[in-house]
Amino acid sequence: MQDKSFEYGGHHFIPERQFTKREDDFFKITRRLKTDRELGFFAADYYGRGSQKFPYSYDDFYAASTDRKCDIFRCVENGRLYVPCQYELQQYMDEKQKERRNAYER
């Protein structure tokens, strides 16, 4: 993976890594994805008028990327991990983030 950042939609992203063999299962991956309405990178206003802050495109995201084989990207501005999906850039909760979130929900 390259550590070179790239700009997309006014934010900067760094290719973080590919999915590991342990993670590389559709159902495991989708359980860790969540919509980030704060970032608002959607293909349309799916979550109400004004929810789209940038017109996201899967193809355009990878065209801007410095690593087209990467699965998980880190946003420089907010430090969160993201996975490019067909209709939105979704936040990816890794094990550490998932554990912290579960601790706050108790």
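A: We can begin with aspartate 36, which counts as buried because its relative accessibility is 5%, under the 20% that sets the limit for a buried residue. In this predicted model, the side chain of aspartate 36 meets that of arginine 80 in a salt bridge, with 2.9 Å from N to O. This pair links distant parts of the chain, since aspartate 36 belongs to the loop between β3 (33–34) and β4 (41–42), while arginine 80 belongs to the loop between β6 (72–75) and β7 (81–84), 44 residues apart.

Arginine 80 itself has a relative accessibility of 23% and therefore counts as partly exposed. Arginine 80 also forms a salt bridge with glutamate 38, where the closest N and O atoms are 3.6 Å apart. Because arginine 80 lies in the loop between β6 and β7 and glutamate 38 in the loop between β3 and β4, this pair ties together parts that are 42 residues apart in sequence. Glutamate 38, at 54% relative accessibility, counts as exposed, because the limit for that word is over 50%.

Elsewhere, glutamate 23 forms a salt bridge with arginine 32, and their closest N and O atoms are 3.5 Å apart. The structure holds 5 salt bridges, among them the pairing of aspartate 36 with arginine 80 and that of glutamate 23 with arginine 32.

Note on methods
Residues are numbered from 1 along each chain as its sequence is written. This is a predicted model: local features need pLDDT of at least 70, side-chain atom pairs count only at pLDDT 80 or more; totals for chains, interfaces and linings use all residues. Side-chain values use heavy atoms; hydrogens and water are left out. A salt bridge is a side-chain nitrogen of Lys or Arg within 4 Å of a carboxyl oxygen of Asp or Glu. Helices (H or I, at least four residues) and strands (E, at least two) are DSSP runs, numbered from the N terminus. Buried means under 20% relative accessible area, exposed over 50%, partly exposed in between (1.4 Å probe, protein chains only).
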